[in-house]
Amino acid sequence: MIPSIHKQGGNTTRLLAYLYGPGRREEHTDPHLVASFDGLAPDPGRDPNATLDSLAQLLDEPLYLLAEDTRPNNHVWHTSVRSAPGDRTLTDTEWADIARRVIAATGIDPGDGAGCRWAAVRHADDHIHLIATLVREDGRRPDHHRSAKRAQAECRQIEVDYDLHRVKTGDGTAAKRPTSAERHKADRRGRQRTSREELRETVRRSVAGAASEEEFFDRLAAAGLLIRRRVAPSGDTLGYTVALPGDRNAKGEPVFYSGSKLAPDLSLPRIRERWTQTSHDNAPSVLPPATGPASARRRATTAAWQALLVIDHGDDSLIAAQIAATGEVLDALAQTSAAHTRYELQAAATAFERASRSHVRTARGHDRALRQAAHDLVHSGSAFGRGEDGATTAMALDMLIFLAVAAANWHAKKQHAQQAEAAHRAAEHLRAAYQAAANQPMALLHQRGRRLAPSWQRHHSAAVRQALPELADRILAEPGWPALAATLADAQAAGYNPAALLGEATRRRELTSATSISDVLVWRLRRTADLPAYGVSAAEAHRAAPANSQPAPARQMPAPSTPRTPRR
């Protein structure tokens, strides 16, 4: 149940004409009154003797209790209350009760016998409109301060009482939803999204991983947006607005939106916080980009692993910074992904946008690794869907799933209901993208693992039982076990002790929540041991595990002049 408080107006008859009219797209059906302040108001929709003027005059009568020079200019209060998609169709009687409850909760008519006059009009199955005159019967103004928040609270209880979809409680940090006019305009233009939504996504992607303000504005221009900068006399940029080239108002002028109207964290001052330098070494906040999409995805995987450790053990401001920067990584990954993963990654980035903000202030500067990863992803170019690019995409997604779930759990602990739900939705999209990305490289590793000699399979099974005795039976029974066996063979050929490597890869993060533990271990081991994500060549695989040989005794990790400590 979603209430929307609309801008106050000054013409009761005009608003009633819209509510009882056909609508902008002939979408209004059977407009009629379902409730009113006294239950006796005329209904122009079903009473042929009633008129819009008679209803407007009845509602506005208290206005004339005031001297003309003291009457409010904008005396028309207007709110719509909409049921959620998937909810059952409510009866007129149910909508009438909901109308009375929302009107009372907002202070428009609190039930003291002298409240404002109001009416509830229904012209669709899924919503009603409430209209009221903001002068009480006793001539005083109503106490409707914070009416939006009070309406939201009452709707949460209405959902419980009527067994409707439970909308998650917000905290005021969500991006502004498109208005009805914006949605209708998008429908007329045959577009699935409003200009506000398209601009929000474009600005968000333009700022993802940007190293400077100039790079941000260059990327906005490259995306084809119209840009206006608000400049101080000193020449400093104070703010900006953007518009889609084809989005015009009635005068034919572009419709511009400021960054803060798109999302709270897209105002220029908030964007500049991303480049705030807080380190003590005066190092640049963004380093030169990694070379190639595969290298960028490995770096993103490592940064996500480090962020997980912060979420596990850091304070709230550090955690909030990591979660916000995770949104940048998802935006960067979505715009550089291969076609077969692009849809789900874009959906994941869009969903996670809501999870990236809360009232917890972020400690900017401590998110450098993730912001560097986003920068590298953007500047290394689009990835191919196969080979090392595709495999490192799966590697990064595997870690980002854990990161999204960790963000959801933190938000839930902080009672950030909308953010927690958004992070969980993002994780579901990431899982779908992972399946698409991992299918081909995991099939190759699975095939190689199935070809390992029985003696090697037993050898690697023993390593799993030694390192993970409580999970070994589950891992060895999973469909992904052959791929893990091939990975352990590659690690041993590279000089690692498989059991020690397994222990290192699982020491700091639990595995029991993973859908496939073997899949998770494949990517952790290949990242930790710096193995090719796509698997080694056939010749190298043959040398690593010849069918007619016996496993060599387990060796400790080599210690050359530069120690090969597994990277995290």
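These are my notebook entries on a predicted model of one protein chain.

**Ground rules.** I number residues from 1 along each chain as its sequence is written. The model is predicted, so I take local features only at pLDDT of at least 70 and side-chain atom pairs only at pLDDT 80 or more, with totals for chains, interfaces and linings over all residues, and side-chain values use heavy atoms, without hydrogens and water.

**Whole chain.** I looked up the secondary structure and found 21 helices and 8 strands, taken as DSSP runs numbered from the N terminus (helices H or I, at least four residues; strands E, at least two). The C-alpha trace spans about 100 × 60 × 40 Å along its principal axes. Of the 568 residues, 52% are buried (under 20% relative accessible area with a 1.4 Å probe, protein chains only; exposed is over 50%, partly exposed in between). Contacts are heavy atoms within 4.5 Å; among those with a separation of 6 or more, 73% join residues 24 or more positions apart.

**Cores.** I then turned to the nonpolar cores, sets of buried Ala, Val, Leu, Ile, Met, Phe, Trp, Tyr and Cys residues joined through side-chain atoms within 4.5 Å. The largest has 84 residues, and Phe352, Leu430, Ile475 and Trp523 have the most contacts inside it. Helix H14 (residues 387-413) supplies its largest share, 14 residues. Another core, of 25 residues, lies apart from it and includes Ala35, Ala132, Ile158 and Tyr162. I also listed the partners of Trp523 beyond four places in sequence: among them are Ala391, Ala394, Met395, Asp398 and Tyr434.

**Helix H7.** In H7 (residues 213-222) I find Glu213, Glu215, Phe216, Phe217, Arg219 and Leu220 buried. These buried residues pack against helices H6, H9, H11 and H13 and strands E6 and E7. Just after H7, Gly224 has a positive phi of about 90 degrees.

**Gln322.** Is Gln322 buried or exposed? I find it buried, at a relative accessible area of 6%. Gln322 belongs to helix H11, and beyond four places in sequence Gln322 contacts Ala307, Val310, His366, Asp367 and Leu370.

**Second largest pocket.** I noted 21 lining residues, with Ile401, Phe402, Val405, Arg431 and Ser513 nearest the centre. A pocket here is an open set of points on a 1 Å grid over the protein atoms alone, where a 1.4 Å probe fits, with protein on both sides within 12 Å along at least five of seven lines; lining residues have an atom within 4 Å of a point. H14 gives the most to this lining, with 8 residues.
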